[in-house]
Every structure is written in C-alpha cells, then in structure tokens.
Amino acid sequence: MSRRVEYSRNTRRPWLLWAVLVALTLGMVGFAISSQGPVDSDILDQVREILNRVLSVPLPADETDVIESGLLDSLGLVELLVAIERQFDVQIDLEYLDLDDLRSVHAIARTIERVKGESATGESLPAGA
Amino acid sequence: MGSLSTQLSQSSLVDTLDGYLRRQAEDEPDAPALAFEDERLTYGQLETSANRLARLLRDVGCRAGDRICLLVPKTPGAIVGMQAALKAGCVYVPIDIASPAPRVERILEAAEPRLVLTSQPAAGLVDDLLARGTLGAETVIGSIDDAAVVGERFRSGFGASDAEAFSGEPLPSDATGPDDPAHILFTSGSTGIPKGVVITHANAIRFIEWAVDYFGIQSSDRVSGHPPLHFDLSTFDIYGSFAAGAELHIVPATLNLLPHKLAEFIESRGLTQWFSVPSALAYMAKFDVVREGAFPQLQRLLWCGEVMPTPALIYFMTRLPHVRFTNLYGPTEATIASSYYTVPAIPASETDPIPIGTPCAGEELLVLDDELNELPTGEIGNLYIGGVGLSPGYWRDEEKTDAAFVEGPRSSPQRRRIYRTGDLAHLGEDGLVYFHGRADSQIKSRGYRIELGEIEVALNALGSLREAAVVAVEAEGFEGMAICCAYAPMSGTSIEQQEVAARLREVVPTYMIPTRWQVFDQLPKNVNGKIDRASLKEFFAESSGEATS
C-alpha cells in the first residue's frame with residue numbers, strides 16, 4: 001500500500017525522473033569518452049601472452065594487479081619493455097610512465113594504445129623511434 | 001661480556017638501541033625524525049608514540065625477552081612499533097610480508113612470538129596464517145595502524161590509537177642490557193628452514209658508533225631508508241639517523257619499479273645520504289636516470305649486500321663528482337657491515353675490482369685455509385670475521401651456531417671466536433681485502449641472500465618432480481645472479497614449467513623463483529652418481545644469449 005503511494009508521488013514530479021535519466025546518460029557518455037572505448041582485444045591478447053612469459057609465474061587473472069602482488073619486479077619490467085617494444089614496434093620511455101600504466105593486462109594494453117596513438121601523430125617520442 | 005658492557009657505556013652513552021631515540025627526544029624534541037610520503041614526525045612525537053605503545057605492549061602481557069614479530073610494510077608506524085618493542089624490553093622480528101604463508105609460518109614457529117604487530121596490507125597474510133593454524137590463541141595480534149586491522153578471520157586486539165590511553169613519558173629503565181638480543185633477522189636456510197640471526201644491542205651500537213663517526217652523520221643530514229626492515233641494512237638507516245639526530249626519509253617501495261622516480265625522490269627530498277643494495281643503483285644506471293649535476297645536496301652514496309658492478313659505479317661517480325662513494329661489506333651474522341672501502345677515484349677500467357677494504361672499528365677480517373691457518377698475502381682463502389659485530393648465534397639452533405662460529409685462527413696464540421662467512425677473499429699487497437665470491441651455493445640476487453638449497457628443497461617437496469637442481473649463473477642485467485632450474489618430471493608425466501613456477505610461488509618468495517628453466521629426462525650426473533651442478537652451470541651460462549623462459 002505504501003509503495004503505491006510512493007509511486008504516485010513520483011509521477012507528480014515527472015521532471016525529477018527525467019532529470020535523473022539525463023544525468024545518468026550524460027554520466028555514462030562522459031565515462032565512455034574518458035576511457036576512450038574498449039581496448040583492442042588483439043592488443044590485450046598479445047599483452048597477456050607477453051606477461052605470462054616475463055613474469056616469474058603465470059598471470060593469475062586479467063584483473064591481477066601485477067605490481068601490488070609483487071609479481072612484476074624490476075627484472076620483469078625490463079623484459080616486459082623489451083618485449084613490448086619489439087612486438088608492437090613502439091618506443092616506451094619509462095620516464096613518462098606511472099605505476100598505474102603498468103598495473104594490469106588492461107592498463108598495459110591501454111598504455112601501448114596511447115603510445116601508438118602518439119607515434120601516429122608524431123608527438124611525445126624521442127628522435128629515432 | 002661484562003667488560004664489553006663497560007666499554008660501551010663509556011663510549012656511546014646509550015646501552016640499548018632505543019636509547020638513541022630517547023636521547024634525541026630529550027635534547028631536540030622538535031627536530032624532524034621521520035618522513036614518509038606526506039607524513040612528518042619529530043623526535044618528540046616519535047618518542048611519545050613509542051612510549052605509549054610500549055606501555056600498551058606491557059599491558060597486554062609482553063615481558064622482557066619476549067619476541068614481537070612485525071608483519072608490516074615499511075612505514076612510520078612500523079618504526080614506532082620497533083622502538084616500542086625495544087622499550088618494553090622485547091626482541092623484534094621483522095618479517096617480509098611479501099613472503100608466502102608457509103615460509104612465514106616457519107619463522108613464526110621458530111620465533112614463538114608473544115605478540116604479532118601487523119597492518120592492514122598484511123591482513124591477507126595473517127588470514128592465511130590463521131587458516132593454517134600457525135598463530136595460536138595465546139598470540140596477541142596488534143595493529144600499528146591507528147585503527148584495528150581487520151581480516152576475514154580476525155580483528156586485531158588493539159590499534160595504535162588505543163595506546164593514547166597510556167602515558168607518553170619514558171618508561172622506567174628495565175634490566176635489558178647491551179648484550180641482550182635486540183632483534184632477530186631470519187635469512188634463507190639451505191635446508192629449507194630460515195635461520196634466525198640474533199643481533200644484540202651491543203652488536204648494532206658498535207657499528208652505529210663507528211659509522212656515524214666515519215661518515216660524519218649529523219643532525220642536518222637527510223638519510224634514505226631504502227632497504228626493507230627485514231634486511232639488516234635498515235638497522236643502519238634507522239639507528240644511524242637517530243644517533244645523529246638526522247631525518248630519516250623512508251623510500252616508498254612502490255618507487256622501486258620506476259628508477260626515474262627513485263632519482264626524483266633523492267633530488268626532491270634533498271637527501272644527503274643514499275644507502276642501498278647495488279641492484280637498485282645498477283637499475284638506475286641502466287635507465288640513465290642521473291643527469292650530470294644531479295643531487296647537489298647528496299654527500300655520500302653507500303652500498304652493501306652484493307658486489308657493485310664496476311660499470312654502474314663508474315656511471316654514478318662520473319655524474320656525481322661531489323659525492324663520496326663507499327663500499328660496505330658484511331654478512332648479517334657480523335651485523336650490518338664489517339669492512340669498508342671509500343673509492344678514491346673513478347675506476348680506470350670496467351673490470352677493476354672494488355676491494356671490500358678495511359675492517360670497521362673493533363672488527364677483524366681473516367683469510368684462512370681449511371685448517372684455520374692464516375694465509376699469506378695474495379693467496380685466496382676462506383674469509384672469517386672476528387670482533388664486536390659477531391652475533392651470539394642463530395636463534396635456538398646450537399648446531400648451526402657451532403658450525404659457523406668457531407675458534408681461531410689456529411696460527412695465533414690468542415684463539416678467539418670467529419665467524420665463517422663462506423666467502424672467499426685474499427689480502428692484497430695494499431693491505432686491503434678483496435672479495436672472490438662464495439665457496440658454497442649461497443647467492444645474492446637483487447640484494448637478496450638466497451640459499452639455492454632452500455629452493456631445491458621446495459621444488460622437491462612439490463611432489464611432481466623426480467629430480468630438481470638449482471644453480472646460479474652471472475646475469476647480464478643488473479640483478480647480479482640469475483637463478484636456473486634443471487628438472488625432470490615424475491616418470492610418465494609431464495609438467496609445464498609455468499605450473500612448477502606457480503606452485504613454487506606458493507611456498508617461496510618471488511625473488512627465489514628461477515628465471516631460467518630446462519627440462520631433462522635425466523639430470524646430468526658426475527662419476528659419483530650425484531647431480532653434476534658444474535655442467536648445469538655451464539649449460540645455463542651458454543644459453544644466456546637466448547630468450548629466457
């Protein structure tokens with residue numbers, strides 16, 4: 001009985017419902033823009049394969065935080081960078097990376113996409129890349 | 001023993017390690033003591049917090065001589081916990097929280113702590129330990145965080161903020177003296193069981209006194225705190241800084257992956273002293289993170305724990321002409337370091353060896369043959385250490401202690417207690433000692449001391465391998481030695497190398513996992529029918545040019 005009362009209360013203020021819907025939509029669009037769409041699944045696959053090679057143990061899951069878990073150490077990072085540069089034909093400058101750029105399969109794939117995008121436009125790369 | 005205590009109280013004015021903090025807090029309570037990320041603590045604040053926590057520790061039942069295990073990341077709270085443990089007359093045992101539960105379990109079983117201090121990042125590990133039945137009902141679990149630590153199976157008995165109910169005044173002095181244990185550091189054991197090296201207050205104080213004097217550490221210094229708390233190098237960072245009234249800048253472990261960030265840290269904090277294992281320095285050199293004229297405020301760059309690759313040393317010395325570079329050498333069993341060598345000039349060649357140099361005050365280095373006779377200049381022999389740095393021995397392991405701490409040298413009328421390092425060395429014409437590697441299967445990799453036997457025991461215990469052998473070869477990179485595993489699966493089965501690695505990771509820390517693997521039907525044997533490790537080393541050394549794993 002009380003539910004029916006609440007429902008009828010909402011319909012008395014339809015503008016509220018619309019405002020919420022619009023806000024939600026804008027929020028989702030904003031989120032999609034900021035995350036630039038899904039990562040290329042081909043790159044994801046290749047990164048996953050590289051990580052399984054360079055980490056001392058196989059990658060437990062795509063979501064694994066390889067830094068927090070201690071799986072990626074300085075040795076693995078060096079091998080990871082060499083493998084990425086070779087396989088994707090990009091130059092990765094460690095100086096411009098943050099830990100978040102390397103945390104997971106997803107993060108690394110994003111980073112590669114970004115670096116490839118920058119190299120396509122000729123920005124942010126040292127000479128001879 | 002009595003005369004050592006007397007000497008100590010005359011020279012250093014502190015007879016236990018917690019005396020340094022207490023002294024500084026009395027003299028200069030507002031001076032900065034600790035820095036970590038955005039947190040800053042003065043000596044007065046640190047002393048007060050430690051006094052409060054010490055009273056709480058006593059209140060929950062800690063008594064003089066009890067062990068307090070620290071399952072914590074390296075933060076100011078951890079330092080407070082260590083000082084509080086000492087003030088309560090207890091012995092602290094720092095443990096690497098990145099170690100898997102089975103290994104931590106062995107340490108806890110040996111240490112038999114009254115209390116475990118932990119922090120939220122280690123909650124998962126504590127849960128694992130409780131699941132395995134390691135921590136008994138009598139072991140109190142406390143938190144160094146303000147709030148209680150909460151896991152799936154537990155909630156710590158107290159948080160650091162509970163200590164505020166107690167007085168922050170110094171505790172009345174207790175019976176703890178310089179020859180009592182201050183902390184126990186567990187290191188890799190070749191039989192798979194970590195060995196606990198007992199370090200007394202006097203052991204550490206003697207080194208600290210020498211180091212503060214030799215390096216000229218002053219209250220205006222800003223020193224790095226880079227090595228983890230379970231490395232004895234960190235003992236120098238902490239108490240060396242406290243003894244001088246300097247400011248200790250704890251280096252967040254997250255910076256270790258990005259060498260540019262490490263360099264940025266040194267620069268932005270204006271560090272005057274940097275002390276780390278050579279691997280960290282070689283990593284920075286590899287990524288060329290040091291510009292010429294960088295680190296203008298840096299005065300000293302020190303390293304210990306591994307051989308420093310000469311190319312990396314040349315890299316740093318060339319770019320930092322205003323800095324003094326010192327090599328420190330010494331096993332945990334002789335406390336932090338036992339010899340030093342300040343490099344007078346940029347080495348002329350990349351193959352020039354850097355000597356381990358001259359003994360620190362009150363210590364001696366002896367090069368002996370297998371019968372414990374002193375060898376003449378130039379001859380390579382076994383390196384023994386004598387003097388004030390010698391640990392009383394391994395925790396509750398008389399057999400291992402007696403095997404490593406012996407009486408010598410035979411060629412001298414005054415026999416005394418000396419420690420067999422297992423390192424090879426020779427005394428040079430210049431009077432300096434030169435290091436020549438290990439006589440056994442202990443290696444250093446990325447600054448970690450590893451008994452290859454520990455890894456072999458773990459591999460054999462997996463139950464899926466018929467044979468396994470672990471050897472180490474020189475790696476081309478910065479990490480020192482590469483760990484290699486030769487294995488044969490159980491007859492009629494096969495097993496992926498990656499699966500072996502994954503199962504191994506459940507019992508040994510990541511840094512012990514072999515980076516090179518080779519499967520065999522049968523491991524090569526020598527004429528005695530034993531695994532031919534020499535030929536395995538050759539095999540792995542030859543394949544180093546190819547892709548790993």
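**View 1. How much of chain B is buried, and how the chain is built overall.** Of the 549 residues of chain B in this predicted model, 52% count as buried; a residue is called buried if 20 or more other C-beta atoms lie within 10 Å of its own, exposed if 12 or fewer, and partly exposed in between, with C-beta atoms placed from the backbone. The chain holds 15 helices and 26 strands, where helices (H or I, at least four residues) and strands (E, at least two) are DSSP runs numbered from the N terminus. The C-alpha trace spans about 70 × 55 × 55 Å along its principal axes. For 549 residues, a compact globule would have a radius of gyration near 24 Å, so the 23 Å of chain B agrees; this radius is taken over C-alpha atoms, and the globule rule is 2.2 Å times the number of residues to the power 0.38.

Residues are numbered from 1 along each chain as its sequence is written, while chains are lettered from A and ligands numbered from 1 in the order in which they are written. Because the model is predicted, local features need pLDDT of at least 70 and side-chain atom pairs count only at pLDDT 80 or more, whereas totals for chains, interfaces and linings use all residues.

**View 2. A covered strand and its partner in chain B.** Look for strand β7(B), residues 181-187: seven of its seven residues are buried. β7(B) pairs with β8(B), residues 195-200, in the antiparallel sense over six bridges; two strands pair if DSSP finds at least two bridges between them. You can find one bridge by its ends, B:Pro181 and B:Thr200.

View 3. In chain B, the strand order is β24-β25-β26, with mixed pairing. β24 (465-474) and β26 (516-519) of chain B are at the edges with a single partner strand each, so one side of each has no neighbour in the sheet. From one strand to the next, the twist averages 20 degrees; axes are lines fitted to C-alpha atoms, for helices over the stretch in contact, and angles run from 0 to 180 degrees between N-to-C directions. β25(B), residues 481-489, runs parallel to β26(B), joined by four bridges, and B:Tyr487 has B:Val519 as its bridge partner in β26(B). Helix α15(B), residues 533-542, packs on the sheet and touches β24, β25 and β26 of chain B; residues are in contact if their C-beta atoms, placed from the backbone, lie within 7 Å.

Conventions: Contact = placed C-beta atoms within 7 Å.
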